Number of protein chains: 2
Amino acid sequence: SHDPYSMKDDILYHFNLGTSTHDLPAMFGDVKFVCVGGSPWRMKSFTEYIAKELGLSEPNAEFPNICEGTDRYAMYKVGPVLSVSHGMGIPSISIMLHELIKLLYHAHCTDVTVVRIGTSGGIGLKPGIVVVTKQSVDSVFQPRLEQIILGKPVVRSTELDAELAEELLQCGKDLAEFETVIGNTMCTLDFYEGQARLDGAFCSYSEEDKQSYLVEAYAAGVRNIEMESSVFAAMCKLSNLRAAVVCVTLLDRLKGDQLTSSHDILNSYQQRPQVLVGHYIKKKLNAYKKS
Amino acid sequence: SHDPYSMKDDILYHFNLGTSTHDLPAMFGDVKFVCVGGSPWRMKSFTEYIAKELGLSEPNAEFPNICEGTDRYAMYKVGPVLSVSHGMGIPSISIMLHELIKLLYHAHCTDVTVVRIGTSGGIGLKPGIVVVTKQSVDSVFQPRLEQIILGKPVVRSTELDAELAEELLQCGKDLAEFETVIGNTMCTLDFYEGQARLDGAFCSYSEEDKQSYLVEAYAAGVRNIEMESSVFAAMCKLSNLRAAVVCVTLLDRLKGDQLTSSHDILNSYQQRPQVLVGHYIKKKLNAYKKS
């Protein structure tokens, strides 16, 4: 097989970065934590938050978008924490992760932890609960991802780091600001039909079909549904990166499909994974300092 | 089955629009053409271009982002032309299309044509050639999309409007500014392994495997590869929307994987689908006026 790292130059096209145009070791060599999430705005606000938490923020500090030459992804950095947006869905996050994994390699980064902080639909949970993913499962509740290579399916494991998930759960308990649980996360290829919503542009099933599918998912340990965790878990595992998925639930899908909560409430929910992961990073950095 | 249009209120969450908060018929009732593309910047520049072409642009006109309350998608409108970004990959465009189809329904739009204008990797074509899609095919070159509903695969047709494709090809000939061809488009779930690239973070196949896969694709009529056309075709067909896919090729995949052309050259290529579709819209609107 071909060694992708044998190339003389490497253009990370969707980041607008490259080995011949940027000094990647100087820019990224100290990265120890990478946080990724769908929304560019949220990843910027995470960087501002973590800078304050770590005491790395000058008054009125501005964090430039490292990928400002492109609108595909946004990237911010403060100290050892890199924050990258990935858009919505498996294909979008997979492009980002290919280029992120190459970036970390070219920059000679070591001992990196990657956490996806996101939003999700809950099953049988009150809105606002934070779910740390135990296993990312597919639409029939199996912990696997089918990747098509040269027209043929290749099945990959979506196993995540169990110790890291427990540590994050403990951070939730330390904080005691909101409820945090551990559970399986179903990863789907779409937001409407793939998640048994009744409010998409088309719907070929009944309210009863929806309920029985979600109840079946709950029985298989699924506590929330999102659209990126499977390929995130699979690619991090293939790259030996310690990885976790931390998503807040915005609604209980057993009770509805539409996001009817106010903007303020939804915004406050979306800050919870940031707060939890911020607490984790601070704890880890303090432990490094002491050792 | 459930009728999604029976809801009293409908929140188009990822557009930050809704039936109870916005007068959708007043805002969108006159829409006749919808152009969609991955990049929000490109969809803004398309709107500026089409405004000038249609003589609808005041000097220094600004086109506000209709979805400015969210960073998921960007949307612009000038006269009968709506321009919407969709991010990268099938899941991302599918969320947008569900909400777009509902928007057009709520706004009582009629006789709407939807065109995806995008970028792609070519097979056996010089970079810069514009491909009008005949059929959108999967990784084994079949014109179908497998949609998972309640954990079970449902196969949908990815047929596009043949007459519209011919009209667009004719527009390319009228313009004579660049080469336009008609051909099959392969739609994949990722940019690296799914498209047989050798420059992703991992690669389990050889250069020879890649070449033989792409040669096989070419023999099946595939002239370019992108990541959104199959679900775009399937959802437009289900909604009885006339639809076409017009993508420029940025490189010839038989000759390489990385995008090494200069930014200026890549930018000029990306304008070609805009110019072609702009010409088509002008021609159609002139024909309406005469009739």
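Below are my entries, annotated site first.

I'm working on a predicted model, where local features need pLDDT of at least 70, side-chain atom pairs count only at pLDDT 80 or more, and totals for chains, interfaces and linings use all residues. Residues are numbered from 1 along each chain as its sequence is written, chains are lettered from A in the order in which they are written, and side-chain values use heavy atoms, with hydrogens and water left out.

**Annotated site.** I found a "binding site" in the unreviewed UniProt entry at Gln195(A) and Arg197(A); such annotations may be inferred rather than shown by experiment. Both Gln195(A) and Arg197(A) are in the lining of the largest cavity (on a 1 Å grid over the protein atoms alone, points where a 1.4 Å probe fits but cannot get out; lining residues have an atom within 4 Å of a point).

I looked up Gln195(A) and got 3% relative accessibility, hence buried (under 20% relative accessible area, 1.4 Å probe, protein chains only; exposed is over 50%, partly exposed in between). The side chain of Gln195(A) makes a 3.1 Å polar contact with that of Thr188(A) (N or O atoms within 3.5 Å, one able to donate a hydrogen and the other to accept it).

Arg197(A) is buried too, at 2%. I noted a polar side-chain atom of Arg197(A) 3.0 Å from the backbone oxygen of Phe191(A).

**Phi check.** Most residues other than glycine have a negative phi. I see a positive phi of about 55° at Asn16(A), which is partly exposed at 29%. Asp111(B) also has a positive phi, near 55°, and is partly exposed at 43%.

Terms used. 1 Å grid on protein atoms, 1.4 Å probe; cavity = no way out; pocket = protein on both sides within 12 Å on 5 of 7 lines; lining within 4 Å.
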